[in-house]
Amino acid sequence: MSTERAEHGLRDAYTHGHHASVLRTHSWRTVENSAAYLVPYLHEGARILDVGSGPGTITIDLARRVRPGTVVGIDASADVVAAATGLAESEAVSNVEFAVGDAYALDFDDDSFDVVHAHQVLQHLARPVDALRELRRVTKPGGVVAARDVDYGGVIWNPASPGLARWLELYRAVHRWNGGEPDAGRHLKGWAREAGFVDVATTGDVWVFSTALEREWWGGAWAERATESQFAAHAIESGHSDIDELRGIADAWRAWAADDDGWLLMPHSEIIARA
(Lines give C-alpha, C1' and ligand atoms only; values in the text may rest on other atoms or scores of the structure.)
Protein backbone atom coordinates (compact mmCIF):
# COMPACT_ATOMS: atom_id res chain seq x y z
CA MET A 1 0.00 0.00 0.00
CA SER A 2 1.25 3.49 -0.79
CA THR A 3 2.56 5.49 2.13
CA GLU A 4 0.00 8.11 1.14
CA ARG A 5 -2.56 6.29 3.27
CA ALA A 6 -5.50 8.62 3.08
CA GLU A 7 -8.43 7.60 0.93
CA HIS A 8 -11.62 9.54 0.32
CA GLY A 9 -13.67 9.71 3.49
CA LEU A 10 -10.83 9.04 5.93
CA ARG A 11 -10.77 11.27 8.98
CA ASP A 12 -8.12 13.98 9.15
CA ALA A 13 -8.46 15.25 12.73
CA TYR A 14 -6.00 16.53 15.33
CA THR A 15 -5.88 13.92 18.08
CA HIS A 16 -4.75 16.18 20.93
CA GLY A 17 -6.95 19.22 20.38
CA HIS A 18 -6.11 22.51 22.08
CA HIS A 19 -6.94 21.87 25.72
CA ALA A 20 -4.85 23.90 28.19
CA SER A 21 -2.95 20.76 29.20
CA VAL A 22 -1.86 20.28 25.58
CA LEU A 23 -0.81 23.88 25.01
CA ARG A 24 1.09 23.83 28.29
CA THR A 25 3.37 21.05 27.07
CA HIS A 26 3.69 22.57 23.61
CA SER A 27 4.77 25.88 25.12
CA TRP A 28 7.85 24.17 26.57
CA ARG A 29 9.26 23.68 23.06
CA THR A 30 12.17 25.78 21.78
CA VAL A 31 14.67 25.51 18.97
CA GLU A 32 17.18 24.10 21.44
CA ASN A 33 15.03 21.21 22.69
CA SER A 34 12.92 20.58 19.59
CA ALA A 35 14.73 21.83 16.46
CA ALA A 36 18.46 21.78 17.17
CA TYR A 37 19.03 19.88 13.92
CA LEU A 38 17.81 22.97 12.04
CA VAL A 39 20.30 25.44 13.57
CA PRO A 40 22.98 25.04 10.84
CA TYR A 41 20.41 26.16 8.26
CA LEU A 42 19.39 29.35 10.06
CA HIS A 43 21.07 32.57 8.98
CA GLU A 44 20.54 36.29 9.36
CA GLY A 45 17.99 37.57 6.90
CA ALA A 46 16.36 34.19 6.23
CA ARG A 47 12.64 33.99 5.50
CA ILE A 48 11.02 31.07 7.33
CA LEU A 49 7.60 29.45 7.36
CA ASP A 50 6.68 27.48 10.49
CA VAL A 51 3.79 25.13 9.72
CA GLY A 52 1.69 24.05 12.69
CA SER A 53 3.22 26.74 14.89
CA GLY A 54 0.92 26.16 17.88
CA PRO A 55 1.61 28.46 20.83
CA GLY A 56 4.51 29.99 18.90
CA THR A 57 7.48 29.32 21.18
CA ILE A 58 9.59 27.63 18.49
CA THR A 59 8.45 30.19 15.91
CA ILE A 60 9.47 33.14 18.06
CA ASP A 61 12.79 31.47 18.84
CA LEU A 62 13.41 31.06 15.10
CA ALA A 63 12.62 34.74 14.56
CA ARG A 64 15.19 35.80 17.13
CA ARG A 65 17.83 33.72 15.38
CA VAL A 66 17.30 35.08 11.84
CA ARG A 67 16.85 38.82 12.46
CA PRO A 68 16.43 40.90 10.36
CA GLY A 69 14.83 38.02 8.49
CA THR A 70 11.13 37.27 8.93
CA VAL A 71 9.19 34.28 10.16
CA VAL A 72 5.56 33.37 9.50
CA GLY A 73 3.80 30.83 11.71
CA ILE A 74 0.56 29.20 10.60
CA ASP A 75 -1.85 27.05 12.57
CA ALA A 76 -5.33 25.69 11.98
CA SER A 77 -6.74 27.21 15.19
CA ALA A 78 -7.61 30.91 15.22
CA ASP A 79 -7.52 30.97 19.03
CA VAL A 80 -4.03 29.50 19.10
CA VAL A 81 -2.88 31.99 16.44
CA ALA A 82 -4.23 34.87 18.54
CA ALA A 83 -2.41 33.60 21.64
CA ALA A 84 0.87 33.21 19.72
CA THR A 85 0.52 36.74 18.36
CA GLY A 86 0.07 38.01 21.89
CA LEU A 87 3.14 36.11 23.06
CA ALA A 88 5.29 37.65 20.31
CA GLU A 89 4.05 41.12 21.24
CA SER A 90 4.72 40.55 24.94
CA GLU A 91 8.26 39.42 24.16
CA ALA A 92 8.84 42.33 21.74
CA VAL A 93 9.70 40.08 18.79
CA SER A 94 8.56 42.10 15.79
CA ASN A 95 9.91 40.05 12.88
CA VAL A 96 7.33 37.26 13.30
CA GLU A 97 3.67 37.04 12.38
CA PHE A 98 1.02 34.37 12.84
CA ALA A 99 -1.94 33.45 10.69
CA VAL A 100 -4.54 30.73 10.26
CA GLY A 101 -3.41 28.35 7.53
CA ASP A 102 -3.82 24.95 5.93
CA ALA A 103 -0.78 22.72 5.35
CA TYR A 104 -2.44 21.26 2.26
CA ALA A 105 -3.10 24.67 0.67
CA LEU A 106 -0.61 27.31 1.78
CA ASP A 107 -1.52 30.91 1.01
CA PHE A 108 1.93 31.78 -0.37
CA ASP A 109 3.51 31.99 -3.79
CA ASP A 110 5.91 29.40 -5.12
CA ASP A 111 9.54 29.77 -3.98
CA SER A 112 8.70 32.10 -1.06
CA PHE A 113 10.81 30.78 1.84
CA ASP A 114 14.40 29.80 2.57
CA VAL A 115 13.27 27.33 5.25
CA VAL A 116 9.91 25.64 5.76
CA HIS A 117 9.65 23.95 9.14
CA ALA A 118 7.10 21.52 10.59
CA HIS A 119 7.45 20.17 14.12
CA GLN A 120 5.18 17.28 15.19
CA VAL A 121 2.83 18.05 12.30
CA LEU A 122 3.06 15.31 9.69
CA GLN A 123 2.10 12.58 12.18
CA HIS A 124 -1.34 14.19 12.52
CA LEU A 125 -2.10 14.51 8.80
CA ALA A 126 -4.00 11.91 6.84
CA ARG A 127 -2.12 13.04 3.69
CA PRO A 128 1.46 13.75 4.81
CA VAL A 129 2.90 13.33 1.32
CA ASP A 130 0.48 15.89 -0.12
CA ALA A 131 1.48 18.28 2.67
CA LEU A 132 5.18 17.77 1.95
CA ARG A 133 4.57 18.52 -1.73
CA GLU A 134 2.91 21.77 -0.70
CA LEU A 135 5.78 22.63 1.65
CA ARG A 136 8.17 21.93 -1.20
CA ARG A 137 6.21 24.24 -3.51
CA VAL A 138 6.73 27.32 -1.34
CA THR A 139 10.42 26.62 -0.67
CA LYS A 140 13.00 28.59 -2.67
CA PRO A 141 15.48 26.75 -4.90
CA GLY A 142 18.35 25.79 -2.63
CA GLY A 143 16.16 26.08 0.45
CA VAL A 144 15.16 23.30 2.82
CA VAL A 145 12.09 21.67 4.24
CA ALA A 146 12.71 20.54 7.82
CA ALA A 147 10.41 18.17 9.69
CA ARG A 148 10.62 16.41 13.05
CA ASP A 149 8.16 13.82 14.34
CA VAL A 150 7.99 11.44 17.25
CA ASP A 151 7.73 7.67 16.76
CA TYR A 152 5.38 6.27 19.40
CA GLY A 153 6.44 2.75 18.44
CA GLY A 154 9.72 3.45 20.22
CA VAL A 155 8.44 5.08 23.44
CA ILE A 156 9.83 3.32 26.53
CA TRP A 157 9.54 3.94 30.26
CA ASN A 158 10.37 2.60 33.68
CA PRO A 159 9.04 1.20 35.99
CA ALA A 160 6.78 -1.21 34.12
CA SER A 161 3.18 -0.03 34.18
CA PRO A 162 0.16 -1.84 32.74
CA GLY A 163 -1.65 1.51 32.80
CA LEU A 164 0.96 3.22 30.64
CA ALA A 165 1.13 0.18 28.36
CA ARG A 166 -2.61 0.53 27.82
CA TRP A 167 -2.21 4.30 27.32
CA LEU A 168 0.30 3.72 24.50
CA GLU A 169 -1.86 1.06 22.86
CA LEU A 170 -4.92 3.29 23.10
CA TYR A 171 -3.12 6.43 21.94
CA ARG A 172 -1.82 4.72 18.79
CA ALA A 173 -5.31 3.34 18.03
CA VAL A 174 -7.02 6.71 18.47
CA HIS A 175 -4.33 8.51 16.49
CA ARG A 176 -4.85 6.13 13.55
CA TRP A 177 -8.64 6.41 13.89
CA ASN A 178 -8.16 10.13 13.34
CA GLY A 179 -6.25 9.45 10.11
CA GLY A 180 -2.75 10.11 11.46
CA GLU A 181 0.34 7.95 11.92
CA PRO A 182 1.68 7.74 15.49
CA ASP A 183 4.87 6.06 14.28
CA ALA A 184 5.54 8.87 11.82
CA GLY A 185 9.22 9.23 12.69
CA ARG A 186 10.23 6.10 10.80
CA HIS A 187 8.24 7.21 7.73
CA LEU A 188 9.58 10.75 7.29
CA LYS A 189 12.35 9.89 4.83
CA GLY A 190 10.05 7.73 2.70
CA TRP A 191 7.29 10.34 2.71
CA ALA A 192 9.76 13.03 1.62
CA ARG A 193 11.05 10.92 -1.25
CA GLU A 194 7.49 10.13 -2.35
CA ALA A 195 6.79 13.87 -2.30
CA GLY A 196 9.57 14.44 -4.84
CA PHE A 197 12.59 15.30 -2.71
CA VAL A 198 15.77 13.70 -4.01
CA ASP A 199 18.14 14.90 -1.29
CA VAL A 200 16.93 13.90 2.17
CA ALA A 201 19.30 14.00 5.16
CA THR A 202 18.08 12.24 8.31
CA THR A 203 18.97 12.54 11.97
CA GLY A 204 17.37 11.49 15.24
CA ASP A 205 16.99 12.81 18.77
CA VAL A 206 15.10 11.99 21.96
CA TRP A 207 13.15 13.64 24.72
CA VAL A 208 13.81 12.16 28.16
CA PHE A 209 11.71 12.90 31.24
CA SER A 210 13.37 11.72 34.45
CA THR A 211 13.77 14.35 37.16
CA ALA A 212 11.03 14.93 39.69
CA LEU A 213 10.14 18.22 38.01
CA GLU A 214 10.10 16.66 34.53
CA ARG A 215 7.95 13.75 35.71
CA GLU A 216 5.51 16.03 37.49
CA TRP A 217 5.24 18.25 34.41
CA TRP A 218 4.90 15.52 31.76
CA GLY A 219 2.99 12.96 33.81
CA GLY A 220 0.69 15.60 35.27
CA ALA A 221 -0.10 16.97 31.82
CA TRP A 222 -0.92 13.51 30.46
CA ALA A 223 -3.01 12.65 33.50
CA GLU A 224 -5.12 15.69 32.64
CA ARG A 225 -5.11 15.00 28.90
CA ALA A 226 -6.24 11.41 29.48
CA THR A 227 -9.63 12.57 30.75
CA GLU A 228 -10.14 16.18 29.64
CA SER A 229 -8.51 16.77 26.25
CA GLN A 230 -9.75 16.02 22.75
CA PHE A 231 -7.83 12.74 22.96
CA ALA A 232 -10.26 11.58 25.66
CA ALA A 233 -13.28 12.62 23.60
CA HIS A 234 -11.91 10.81 20.56
CA ALA A 235 -11.09 7.68 22.57
CA ILE A 236 -14.69 7.47 23.75
CA GLU A 237 -16.28 8.51 20.43
CA SER A 238 -14.28 5.90 18.52
CA GLY A 239 -15.32 3.13 20.91
CA HIS A 240 -11.75 2.38 21.90
CA SER A 241 -12.21 3.30 25.56
CA ASP A 242 -14.53 4.68 28.22
CA ILE A 243 -14.23 7.22 31.00
CA ASP A 244 -13.50 4.62 33.69
CA GLU A 245 -10.53 3.27 31.76
CA LEU A 246 -9.31 6.78 30.98
CA ARG A 247 -9.43 7.64 34.69
CA GLY A 248 -7.31 4.56 35.35
CA ILE A 249 -4.79 5.72 32.75
CA ALA A 250 -4.69 9.14 34.42
CA ASP A 251 -3.96 7.43 37.74
CA ALA A 252 -1.15 5.45 36.08
CA TRP A 253 0.45 8.68 34.88
CA ARG A 254 0.26 10.17 38.37
CA ALA A 255 1.81 7.05 39.87
CA TRP A 256 4.66 7.15 37.34
CA ALA A 257 5.26 10.84 38.04
CA ALA A 258 5.46 10.18 41.80
CA ASP A 259 7.93 7.28 41.45
CA ASP A 260 11.57 8.26 42.02
CA ASP A 261 12.57 5.57 39.50
CA GLY A 262 10.28 7.08 36.86
CA TRP A 263 11.92 7.58 33.45
CA LEU A 264 10.46 7.96 29.95
CA LEU A 265 12.03 8.33 26.50
CA MET A 266 10.39 9.51 23.28
CA PRO A 267 12.39 9.04 20.04
CA HIS A 268 12.18 11.48 17.14
CA SER A 269 13.21 11.39 13.52
CA GLU A 270 14.30 14.57 11.73
CA ILE A 271 14.70 15.32 8.03
CA ILE A 272 16.30 18.10 6.05
CA ALA A 273 14.93 17.77 2.52
CA ARG A 274 15.97 19.60 -0.64
CA ALA A 275 14.07 19.48 -3.90
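Helices (H or I, at least four residues) and strands (E, at least two) are DSSP runs, numbered from the N terminus. The legends below describe a predicted model, in which local features need pLDDT of at least 70 and side-chain atom pairs count only at pLDDT 80 or more, while totals for chains, interfaces and linings use all residues. Residues are numbered from 1 along each chain as its sequence is written, and side-chain values use heavy atoms, with hydrogens and water left out.

**View 1. The cis peptide bond between N158 and P159.** The bond from N158 to P159 has an omega near -5°. P159 belongs to the loop between β6 (156-158) and α6 (162-177).

**View 2. The cis peptide bond between R67 and P68.** Here omega is about 5°. P68 is placed in the loop that runs between α3 (57-66) and β2 (70-75). Most peptide bonds are trans.

View 3. With neighbours within four places in sequence left aside, the residues in contact with H268 (heavy atoms within 4.5 Å) include R148, D149, T203 and W207.

View 4. Q120 sits in the loop between β4 (113-119) and α5 (128-137). Its phi is near 55°, a positive value in a residue other than glycine. Because its relative accessibility is 10%, Q120 counts as buried.

**View 5. Backbone of A92.** A92 also has a phi near 55°, which is positive although the residue is not glycine. Most residues other than glycine have a negative phi. A92 lies in the loop between α4 (78-90) and β3 (96-100), and A92 counts as exposed because its relative accessibility is 58%.

**View 6. V200 in strand β7.** Strand β7 spans residues 199-209. V200 has 16% relative accessibility and so counts as buried. The C-alpha atoms of V200 and I271 are 6.4 Å apart, although 71 residues separate the two in sequence. Not counting residues up to four places away in sequence, V200 touches K189, A192, R193, I271, I272 and A273.

Notes: Buried < 20%, exposed > 50% of the residue type's maximum accessible area, 1.4 Å probe, protein only.
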